[in-house]
2 protein chains.
Amino acid sequence: MITKRLILCGFGNVGRAFANLIHERRNDLKKRYGLSLELVAIADIDGAVHCNNEPIPIDTIMAHVEKGGTVETMEKIGRPGMSGIDALTRIEADVLIEATPTNLRDGEPGRSHIMTALDKGLNIVTANKGPLVLYYKEILDLAKTKGCRISMSAATAAALPTLDVGRLCLAGADILSIEGILNGTTNYILTRMREEKCTYDTALKEAQEMGIAETDPTLDVEGYDTRNKLVLITNSLMDQTFGLGDVEVKGITGVRLDDIDEASKKGKVLKLVGTASISDGQISLKVEPKALEMEHPLATVNYSEKGISYLTDTMGQVTVTGGKSSPVGAAAALLKDLIHLTLMAS
Amino acid sequence: MITKRLILCGFGNVGRAFANLIHERRNDLKKRYGLSLELVAIADIDGAVHCNNEPIPIDTIMAHVEKGGTVETMEKIGRPGMSGIDALTRIEADVLIEATPTNLRDGEPGRSHIMTALDKGLNIVTANKGPLVLYYKEILDLAKTKGCRISMSAATAAALPTLDVGRLCLAGADILSIEGILNGTTNYILTRMREEKCTYDTALKEAQEMGIAETDPTLDVEGYDTRNKLVLITNSLMDQTFGLGDVEVKGITGVRLDDIDEASKKGKVLKLVGTASISDGQISLKVEPKALEMEHPLATVNYSEKGISYLTDTMGQVTVTGGKSSPVGAAAALLKDLIHLTLMAS
């Protein structure tokens with residue numbers, strides 16, 4: 001039995017789903033993977049909860065927050081004002097689970113959590129794209145120096161196994177190009193425009209009403225979320241250190257119904273595609289609305305589904321689609337990375 | 001650097017592609033995975049080649065067989081009459097690569113190779129379905145007793161990563177059902193019947209002329225190949241020991257153009273699908289032509305492409321399609337399993 005002591009930073013929807021999941025599955029994880037997961041601290045915005053290196057009682061905490069409580073107001077074990085950095089410094093653990101919100105300005109507080117954790121020799125399992133896309137090289141270098149691992153399935157389309165397929169399923173093959181529909185919101189909007197023959201604005205409004213698009217949809221519709229995932233996937237699988245400025249990005253705000261009809265007339269379908277392609281040994285990254293042939297393996301990825309397609313030398317084209325887009329899906333991706341940490345030597 | 005000494009049994013198209021691949025990639029494998037692969041013996045129908053525990057010269061052997069030679073006629077190191085069992089008994093190695101033809105009567109000679117290798121404590125990486133579908137429990141039990149691992153990606157749709165997705169990408173999730181288009185030949189025939197509005201016989205003849213279907217297409221068109229893969233995938237992922245008799249099988253020989261038109265009229269498409277479903281805790285296995293809704297993630301898997309779709313509790317539905325159907329694709333799957341043996345603790 002391998003025991004992993006976890007500190008969870010960020011206790012929003014994903015953090016809570018994760019705590020719930022490892023609690024519900026604790027017996028199954030022991031039985032199937034010989035893995036005992038102990039949550040030793042949770043840090044949220046206004047404070048933390050820990051029991052001085054003992055595992056914290058997840059069920060009691062979940063009951064408390066479900067009644068509207070916060071972690072730091074837990075009786076006896078709540079620590080008002082205690083930050084993630086404090087918790088990582090004071091409590092002994094093996095893995096940081098980073099689930100604070102993505103911040104694309106300075107990556108905080110995730111960046112400080114990750115650097116502090118690496119400095120202490122913890123492995124990192126993160127759902128947070130911000131620190132990784134902004135400080136990829138810095139973080140990877142520190143991890144290498146400290147002999148730690150960074151797992152980022154939950155930050156790279158979560159339950160859609162983008163990195164696992166590229167790294168594990170295609171091990172030994174050379175990846176020649178990557179194409180991905182990596183953002184559910186934009187794919188939903190484009191699908192509905194085509195289906196309903198409606199404008200971008202109408203489809204966006206519907207997506208917002210359904211909770212698929214945010215009130216400020218910029219991150220999605222301008223292609224930035226696709227770009228962020230593409231950078232992480234390419235860096236990770238092709239051993240690169242691309243930054244956000246290295247990607248040519250065009251979102252879907254300029255897509256007109258005419259463009260979609262035009263594609264349809266040619267038997268094609270318009271999708272927002274993130275592409276990493278190699279030409280003369282140079283990798284170039286691009287995000288743009290692209291008319292795909294109906295035979296293209298991503299052409300039938302519709303609504304808020306996602307998918308990624310790898311062209312390889314020895315295994316041909318391998319495409320994976322689907323994966324639940326929800327806090328539970330993201331939590332399941334975090335858990336999967338933890339299991340892989342245990343299963344895999346390096 | 002981890003060194004793995006390999007004995008390759010079977011030197012047909014797949015065995016040769018494998019030998020070529022590990023020779024071509026030897027430097028890359030060292031660099032990317034810290035893995036040094038040494039081929040110490042090859043056994044084929046009429047004899048073997050080995051250098052008394054030294055690595056054999058792959059390039060010289062490939063040049064020899066490309067000129068029509070056989071392994072046992074290699075100068076100095078060829079061993080006429082030496083069997084796979086002899087080679088496994090005499091030569092020290094870490095892994096058996098089993099690439100002899102699938103034999104569904106008694107699993108030989110693959111079965112004896114595998115049992116001999118396990119007895120000596122070798123791990124097994126196999127492209128051969130025969131021994132596994134006929135003697136699954138016996139083989140797994142011996143492997144467990146000896147602390148050995150059995151990897152079978154190349155026997156379960158090869159470059160389409162059926163097992164890896166189910167075991168690694170979905171780690172921690174519960175698989176609720178499996179649906180697969182696991183045979184390229186039947187999928188090609190059904191695709192062409194639909195496209196050309198032709199009969200089964202016409203489409204079969206075309207597939208035979210193109211080398212996609214065998215002269216005796218029974219194994220494919222009666223659904224047996226799909227059944228074999230389904231049994232291995234289900235046993236492996238759901239920890240079962242199903243045998244061939246546990247699957248209800250209906251192939252495509254009875255499919256009429258009318259059936260396909262009927263499906264089309266309802267906006268569906270007919271595919272040969274292998275299914276593992278759970279009802280009241282009981283797993284049932286079935287292979288049959290099935291009319292899939294066009295929104296089904298396998299509906300657009302056409303021609304000789306394959307695909308598999310997993311429904312899970314926490315990750316939703318995850319589908320993978322594609323993967324090269326060729327000796328090189330199968331060799332790449334063997335190589336991948338070898339890399340995983342090295343990467344993964346258990």
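Strand 5 (residues 95-98) and strand 6 (residues 123-126) of chain A run parallel and are joined by 4 bridges. Strands (E, at least two residues) and helices (H or I, at least four) are DSSP runs, numbered from the N terminus. Two strands count as paired if DSSP finds at least two bridges between them. The model is predicted: local features need pLDDT of at least 70, side-chain atom pairs count only at pLDDT 80 or more, and totals for chains, interfaces and linings use all residues. Residues are numbered from 1 along each chain as its sequence is written, chains are lettered from A and ligands numbered from 1 in the order in which they are written, and side-chain values use heavy atoms, with hydrogens and water left out.

Two bridge pairs place strand 6 of chain A against its neighbour. Val95(A) has Asn123(A) as its bridge partner. Ile97(A) is partnered by Val125(A). Asn123(A) and Val125(A) point one way from strand 6 of chain A, while Ile124(A) and Thr126(A) point the other way. All four are buried, that is, under 20% relative accessible area, with exposed over 50% and partly exposed in between (1.4 Å probe, protein chains only).

In chain A, an open sheet of 7 strands has the order 4-3-2-1-5-6-7, with mixed pairing. Strand 4 (78-80) and strand 7 (150-151) of chain A stand at its edges; each has a single partner strand, so one side of each lacks a neighbour in the sheet. Helix 1 (residues 13-24) of chain A packs on this sheet and touches strand 1 (2-9), strand 2 (35-44) and strand 5 of chain A. Contact means heavy atoms within 4.5 Å. The direction of helix 1 makes about 160° with that of strand 1 of chain A. Axes are lines fitted to C-alpha atoms, for helices over the stretch in contact, and angles run from 0 to 180 degrees between N-to-C directions.

Helix 1 of chain A also packs with helix 3 (residues 58-66) of chain A, at an angle of about 145° and with the axes 10 Å apart. From helix 1, Arg16(A), Ala19(A), Asn20(A), Ile22(A) and His23(A) take part. They meet Ile58(A), Asp59(A), Met62(A), Val65(A) and Glu66(A) of helix 3.

Elsewhere in chain A, Thr116(A) lies in helix 5 (residues 110-119). Thr116(A) is buried, with a relative accessible area of 18%. Beyond its neighbours within four places in sequence, Thr116(A) contacts Ile85(A), Leu88(A) and Thr89(A).

Strand 8 (residues 175-181) and strand 12 (residues 307-312) of chain A pair in the antiparallel sense over 6 bridges. Within this pair, Ser309(A) is the bridge partner of Glu179(A).

In chain B, Tyr200(B) belongs to helix 10 (residues 200-209). Tyr200(B) is buried, at 8% relative accessibility.

Chain B can be laid on chain A with an RMSD of 0.0 Å by a turn of 180° and a shift of 0.0 Å along the axis. This is the relation of a two-fold axis. The superposition is by least squares on the C-alpha atoms of residues with pLDDT of at least 70 in both copies.
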